[in-house]
Amino acid sequence: MDFNDTPEEAEYRAKARAWLEANAPKREDHVRGEEPTMAESKAWQAKKAAAGYSCITWPKEWGGPGGTSWQSQIFAQEEAKYPVPGNPFTIGLGMCVPTIMTAGSEADKVRFVGPALRGEEIWCQLFSEPSGGSDAAAARTRAVRAPDGSGDWIINGQKVWTSGAQYSDFGILLLRTDPDVPKHKGLTMFWVDMKDPAIEVRPIHQMSGGSGFNEVYFTDLRVKDSQRIGPVGDGWRVSIVTLMNERNAIGGGSSYHRQVMQLADGISTLAGSGIKDAALREKIADWYVQAEGLKYTRLRTQTALSRGQTPGPEASIGKVVTAPLMQDVANTALELEDQFGIISDPKYAPLQAMFQATLMSAPGMRIAGGTDEILRNIIAERVLGLPQDVRLDKDVAFKDIPTGR
Amino acid sequence: MNFDFSDDQKFLKSEARKFLDAHCSTATVRGVLDNVDRSYDEPLWKAVAAQGWMGTAIPEEHGGLGLGRMELCVIAEELGRALAPIPFASTVYGLAEAVLIAGSPAQKSALLPRIAAGELIGALATSEGPGVVSAGSIKASVADGKLTGEKLPVTDGDVAGVAVVLAKEAGQVNAYLVDLTGAGVTRETLQTLDPSRGAARLTFKGAAAERLGGAGEGLDIIEQVLNRMAVLLAFEQVGGADRALEMAKDYALNRYAFGRPIGSYQAIKHKLADMYVKNELARSNAYFGAWALDTDAPELPLAAASARVSACEASWYAAKENLQTHGGIGFTWEMDCHLFYRRAQQLGLVAGGAKQWKERLVTQLERRNAA
């Protein structure tokens with residue numbers, strides 16, 4: 001066990017630092033609150049790809065630098081020190097394209113991997129539906145063969161909670177191809193061109209005020225059979241690859257203990273300075289050990305990866321810890337601000353209202369990419385080997401499954 | 001970077017598990033628990049000594065194996081898993097570490113070889129009453145090399161040969177080595193929450209005391225010992241918590257209610273998932289602590305506090321919810337759940353409770369933020 005860089009890792013880190021110093025935007029040039037544009041994001045991604053810092057672990061045959069998971073980790077640590085533009089590529093590079101690389105055709109791999117890696121094309125993931133959130137396999141959006149014998153498929157239905165659909169070029173889509181077999185067996189995965197006029201994207205107004213997610217409607221969208229990812233009826237198995245990557249991607253984040261301490265230091269309570277409040281100090285310690293525990297769990301996973309072992313569902317613990325933690329941090333920080341805590345205007349609220357913003361985004365974190373409850377089921381079933389709950393929809397043709405409202 | 005134990009360390013761990021499976025079943029633990037006259041399992045202690053475990057981190061020049069603290073962590077996890085009813089922590093993480101930190105060459109050569117050989121049991125005698133040990137809480141005093149006062153509870157104080165005792169002399173808090181078999185020492189065995197481990201009230205009336213470390217360094221030495229103990233105990237706690245989770249899982253798979261295994265109900269699944277998450281976080285924090293301990297990194301105080309806080313949380317949660325998962329049978333003397341419930345408390349308090357360690361942790365964070 002060694003928490004320091006090996007000489008090779010130190011050399012890689014030094015190179016990455018030098019490259020970032022020469023190429024990344026500087027902290028002092030960054031204006032707080034100013035959203036980076038899509039053009040800036042794409043330019044930064046292209047720059048990284050040209051220098052071998054995009055998708056570091058991807059093999060050379062697909063345009064990646066064929067690096068190690070440690071190099072990827074090191075670059076991410078160093079990149080985080082710079083105010084680089086937002087990253088609209090995470091879903092594509094973390095979920096959609098790996099799904100194509102795992103289950104797609106050779107032609108699709110050749111067509112899509114390179115442009116995605118260079119930030120030229122953006123992807124979204126279309127799984128959730130109004131009638132099936134946690135139960136993603138209950139998808140009702142239909143794909144039927146075109147009656148003209150061309151082998152094409154005609155798609156009708158609606159997806160929901162699609163991040164980035166408004167600016168995506170392509171999407172991977174989980175569809176019902178056979179309602180006469182049990183639900184997991186009648187699904188098939190496709191990729192679609194999001195610019196097709198048969199697709200309508202409508203933003204969802206979130207409780208946090210933003211609109212990062214969308215509803216996506218499909219009306220007689222025609223796709224080629226060659227857009228299928230994996231065999232007909234195998235969509236659920238294909239989607240598992242995507243969802244596992246999603247949970248890993250959402251699992252990051254910090255405990256904000258430093259910001260809470262900064263806040264508490266300047267605030268009075270009846271017991272004196274906020275930072276002297278014993279209850280708060282206990283909470284800070286609790287948050288800290290959870291965040292540190294996650295950090296080192298992630299590094300243990302990295303070690304397993306670097307030894308050629310596959311990280312299993314235990315990677316699910318990241319989000320199940322972080323999301324409720326952030327909600328608790330925000331709520332505690334607002335209590336500390338006392339009456340002032342209701343102000344969400346960054347002009348007046350401490351730390352540019354970061355805790356007010358976190359309070360309003362935390363419920364989404366606890367739901368997106370598998371709710372707290374679903375993740376506990378996954379840990380219990382796939383890690384601990386406990387039995388599935390009773391399933392009333394098992395061995396029942398999808399069309400005969402009771403649906404509520 | 002590499003965040004796992006080496007193959008050699010993993011081999012040591014699997015050998016330790018095999019050894020303890022063969023020599024320390026829960027029947028062994030009950031042999032001490034159910035017998036008021038026994039405060040540890042002497043045959044197990046001797047067998048462990050024959051394996052050389054007491055000397056794992058003691059340098060070869062003092063009769064030890066001269067391996068690192070990392071190897072000791074691996075053994076600690078297995079001892080915790082087996083609920084080993086022996087004075088290992090007091091002797092090896094307590095007395096031996098105190099002597100390694102502050103002992104004179106003469107003290108080292110007198111004590112370390114005996115510890116490594118399993119011939120000497122040690123104890124830490126710091127507490128005199130409820131609450132945290134501090135300069136203000138210490139009444140025991142030394143004058144002309146003679147110690148007067150009392151200490152309780154002293155884990156393994158009823159069987160230890162030598163204790164590290166905190167006492168005052170000329171207004172300063174010092175650490176002393178005291179031969180508990182000598183004149184002026186009386187011991188009263190205490191009834192405790194975990195009778196599979198021994199504890200005593202020690203009364204000193206002019207007992208010979210030899211200072212360990214410099215004058216006024218007593219609290220500092222103990223703090224250094226506790227930082228090391230916190231990491232090692234965290235491994236014992238993680239070992240116990242993992243086994244409690246395994247027990248809960250096995251029971252949930254085999255116990256049926258309302259026509260199906262109770263492990264298929266989400267109320268039980270989510271409870272066990274939470275146990276798993278806490279155990280993994282505690283394990284990861286303990287690993288970082290192990291690294292900081294083994295390399296004597298400047299991060300040790302913060303890493304030790306993190307390992308301690310995380311392990312206390314995991315072991316307490318696993319112990320109480322394992323019992324809960326078992327339902328009524330879990331509340332019986334015959335079922336092993338209470339062994340873990342008792343040990344979780346014993347380990348959670350013996351080197352200072354989580355509440356105080358949280359305070360230490362935040363103090364360390366404040367120092368780091370200020371730097």
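The model is predicted.

**Domains of chain B**

Three domains make up the division of chain B, and their bounds are listed below.

| Domain of chain B | Residues |
|---|---|
| Domain 1 | 7-87 |
| Domain 2 | 122-216 |
| Domain 3 | 219-370 |

Taken over C-alpha atoms, the centres of domain 1 and domain 2 of chain B are separated by 25 Å. Where these two domains touch, 8 residues of domain 1 are in contact with 9 residues of domain 2. The side contributed by domain 1 of chain B consists of 7 nonpolar residues and 1 polar residue, with no charged residues.

**Contact between chains A and B**

The contact between the chains involves 39 residues from chain A and 38 residues from chain B. On the side of chain B, the elements that give two or more residues are α7, β9 (260-261), α8 (266-294), α9 and α11. Of these, α8(B) gives the most, with 16 residues. By class, this side of chain B has 21 nonpolar, 10 polar and 7 charged residues.

**Helix α11 of chain B**

Helix α11 of chain B comprises 17 residues, 354-370. At 1.5 Å a residue it should span 24 Å, and this agrees with its end C-alpha atoms, which are 24 Å apart. Among the buried residues of α11(B) are B:Trp357, B:Leu361, B:Val362 and B:Leu365, and also B:Lys358 and B:Arg360. The buried residues of α11(B) pack against elements of both chains: α7 (257-265) and α8 (278-306) of chain A, and α7 (218-254), α9 (300-326) and α10 (337-350) of chain B.

Conventions. Residues are numbered from 1 along each chain as its sequence is written. Chains are lettered from A and ligands numbered from 1 in the order in which they are written. This is a predicted model: local features need pLDDT of at least 70, side-chain atom pairs count only at pLDDT 80 or more; totals for chains, interfaces and linings use all residues. Helices (H or I, at least four residues) and strands (E, at least two) are DSSP runs, numbered from the N terminus. The expected span of a helix is 1.5 Å times one less than its number of residues. A residue is buried if 20 or more other C-beta atoms lie within 10 Å of its own, exposed if 12 or fewer, and partly exposed in between; C-beta atoms are placed from the backbone. Two residues are in contact if their C-beta atoms, placed from the backbone, lie within 7 Å. Ala, Val, Leu, Ile, Met, Phe, Trp, Tyr, Cys and Pro count as nonpolar, Asp, Glu, Lys and Arg as charged, and the others, Gly among them, as polar. Domain bounds come from an automatic or database domain assignment.
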